[in-house]
Number of protein chains: 2
Amino acid sequence: MTSSPAEPVGLRERKKAKTRAAIQRHALRLFEEQGYSATTVDQIAAAAEISPSTFFRYFPTKEATVLYDPFDPVLIEAAVAQAPELSPIGALRATMSFIREQLPAGEWERERQRQRLVFREPELRSAVMDKFAEGIDLLAGLAARRTGRAVDDFEVRNWAGAVVGVVLAAFLGAAADPEADTLVVIDRAVAHLDASLPL
Amino acid sequence: MTSSPAEPVGLRERKKAKTRAAIQRHALRLFEEQGYSATTVDQIAAAAEISPSTFFRYFPTKEATVLYDPFDPVLIEAAVAQAPELSPIGALRATMSFIREQLPAGEWERERQRQRLVFREPELRSAVMDKFAEGIDLLAGLAARRTGRAVDDFEVRNWAGAVVGVVLAAFLGAAADPEADTLVVIDRAVAHLDASLPL
DNA sequence: AAAATTATGAGAGCTACTCTCACTTGGTAG
DNA sequence: CTACCAAGTGAGAGTAGCTCTCATAATTTT
């Protein structure tokens, strides 16, 4: 029984991780160069030097190559682990500082590229929206734990919805302006919301 | 003051409207009965007694049969037309009362069915999320006009994001509970937001 | 080194969606 | 009323995403 996504040990595991990374790298590059829908799975497979059928063993769909984010679970963990005396928004903002400090510059640049791609291509944007919906549950859970309220408390859920909405608006704004620093824009947005709708 | 989409005049137009309605009706019925992905376009076409190629002349994609809402533009128009002295949230709430009063009971029941379907099927949910993103622009425009601010004003966009987020959270909650009255739930949510984050 | 496990590739098949072309039907002008 | 034009339709071919199966090759394990 293999364990959780720590670091791959056997040769097999390492090879798999490498193949997965190669597929994603080439996919993102091709999408950037020729656009998302103009790029076929066969092209990605050819670039990554695997067969098309192998592609689908690594990613369930073409769009998963863009949506897949190995840092996601790490961030959630980091958010949960923030000092318990912080308010929900405080914890959120602290997590964002954490990202900025911890993530190597190269990784962050790639992450930005991914974001631009996702918000530019309509097909991908709708897929991402789903993640924002999940975010409501996630945030409600986080806030409930910190404030001692129930997860399905009306005010908690409403608050979580407002936060996600504000972040979404900030993202959409930042995606349009390539100069904008996403994290700064989001921080400003949640700070402003927190000032009038704290929890 | 038109409460329903423009009425077709010629025989041709009427026939087209009828075909479109038939396709959508059969599609929704089949989705309800067998699930969305288990239903093929060919089945829908057969049920509506048209050829598969004709299907795509009426709807660009399979999911469009669920997403297509002829009342959408009517609602937007209604929202814009609300008394100018109302606050943005006031106008929004007034528009919802308007829906309740104007829409025949049967139509509203069908609309609820559509909503349930859309939030249950993951493929459809992500498609709908895109509409919420559009909603931010829409609301920002509405609010900007009513308050005399710019559409890309930071507070206006942030407010619009919060409203959409809160509505989204309410929708997700209402979709889970078949007893809930969607309009009431949404009204409560925006009222609560308005109390602390007015514009 | 043999055996058990697992990754891979080739290929067949399904479905959403696009495009072209010939045919029919509704609207209209003479 | 007829004759013509425009618009709606269906048949069929083709592309791409995605699934499934089966034989082969690679990696562990014994």
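**Chat on the A–B contact**

User: How many residues does the contact take from chain A and from chain B?
Analyst: The contact takes 26 residues from chain A and 26 residues from chain B. Bear in mind that this is a predicted model.

User: Which elements of chain A give two or more residues to the side that touches chain B?
Analyst: Those elements are α8 (122-147), α9 (154-176) and α10 (182-196) of chain A.

User: And where does the largest share come from?
Analyst: From α9(A), which gives 13 residues to the side of chain A that touches chain B.

User: Why say the copies meet through the same surface?
Analyst: Because 100% of the interface residues of chain A are interface residues in chain B as well.

User: What rotation superposes chain A on chain B?
Analyst: A rotation of 180°, with 0.1 Å of shift along its axis, and the RMSD is 0.1 Å. That is how a two-fold axis relates copies.

User: Switching to the fold. How many helices and strands in chain A?
Analyst: Chain A has 10 helices and zero strands.

User: What box do its C-alpha atoms fill?
Analyst: For chain A, roughly 55 × 45 × 30 Å, taken along the principal axes.

User: How much of chain A counts as buried?
Analyst: 28% of the 199 residues of chain A.

User: And what share of contacts joins residues at least 24 apart?
Analyst: In chain A the share is 55%, among contacts between residues at least 6 apart in sequence.

Note on methods:
Residues numbered from 1 in each chain as written. Chains lettered and ligands numbered in written order. Predicted model: local features only at pLDDT ≥ 70, side-chain atom pairs only at ≥ 80, totals over all residues. Least-squares fit on C-alpha atoms with pLDDT ≥ 70 in both. Contact = placed C-beta atoms within 7 Å. Helix = DSSP H or I, 4+ residues; strand = E, 2+ residues; numbered from the N terminus. Buried ≥ 20, exposed ≤ 12 C-beta atoms within 10 Å, placed from the backbone.
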